[in-house]
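Look at the chain as a whole before turning to one of its parts. The text below starts with a term that is needed for reading the model.

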Amino acid sequence: EMKSGNYQKAKEACTSALKWDPDNMKALCRAAMAAIEQGSFDEAIAAIGVAEKLNSDDQDVKKIALLFKRKKRDYHKKEKEMYSKMFGGSSSNTTPSNTIADDEQHAATKQDTMESSPPSSMYSYFVYTSVFFFIAVAYTLWMWYGTRMKESQEL
């Protein structure tokens with residue numbers, strides 16, 4: 001199912017396998033990969049966490065964890081770029097990194113964002129929708145006040 005791009009079915013198959021054998025590394029890794037490809041970062045981090053607890057030295061788990069960090073970082077960069085365009089900001093510093101060496105250096109120099117930040121996509125959505133709502137209300141009031149002022153001048 002993974003090769004065909006049907007990540008939902010792949011996750012379901014992995015979940016079924018994990019019900020029978022919760023320590024199945026292959027199922028954990030594939031579930032994490034499917035979740036990453038779907039953008040389900042909470043599910044991916046859960047599967048990666050269990051796999052790391054079972055075998056922290058496994059090279060496949062390390063590769064998946066690195067892929068997770070890269071995909072999550074790229075997702076947040078795209079999200080930031082989208083919102084900066086939406087609100088008229090500049091997005092010149094959003095060049096995604098494509099090399100594993102860059103990812104390893106980034107992971108070594110920056111604190112792990114999975115533990116230190118709030119659930120970013122939901123938090124960002126809340127912040128940006130709140131700002132958008134505030135701007136919409138302010139604009140509506142400004143337009144209403146402007147029409148009232150014109151009406152009072154005409155009298």
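A residue is called buried when its relative accessible area is under 20%, and exposed when that area is over 50%. The model shown is predicted, and these words apply to its computed coordinates.

With that term in hand, take helix 3. Five of its residues can be named as buried: F41, A44, A47, I48 and A51. They lie on the same side of helix 3, because the arc they cover around the axis is only 130°. On the other side of the helix, D42 and K53 are exposed.

What lies over the buried residues of helix 3? Helix 2 (25-38) and helix 4 (59-86) are among the parts that cover them.

The length of helix 3 can also be checked. It runs over residues 41-54, which is 14 residues, and at 1.5 Å a residue it should span 20 Å.

Now step back to the chain. Of the 155 residues in the chain, 23% are buried. The chain exposes about 11,400 Å², and carbon and sulfur atoms supply 57% of that area.

Contacts show how the chain is brought together. Among contacts between residues at least 6 apart in sequence, 58% join residues at least 24 apart.

Conventions. Residues are numbered from 1 along each chain as its sequence is written. This is a predicted model: local features need pLDDT of at least 70, side-chain atom pairs count only at pLDDT 80 or more; totals for chains, interfaces and linings use all residues. Side-chain values use heavy atoms; hydrogens and water are left out. Helices (H or I, at least four residues) and strands (E, at least two) are DSSP runs, numbered from the N terminus. The expected span of a helix is 1.5 Å times one less than its number of residues. Buried means under 20% relative accessible area, exposed over 50%, partly exposed in between (1.4 Å probe, protein chains only). The arc is that of the directions from the helix axis to the C-beta atoms. Contact means heavy atoms within 4.5 Å. Accessible areas come from the Shrake-Rupley method with a 1.4 Å probe; for residues, only the protein chains shown count as cover.
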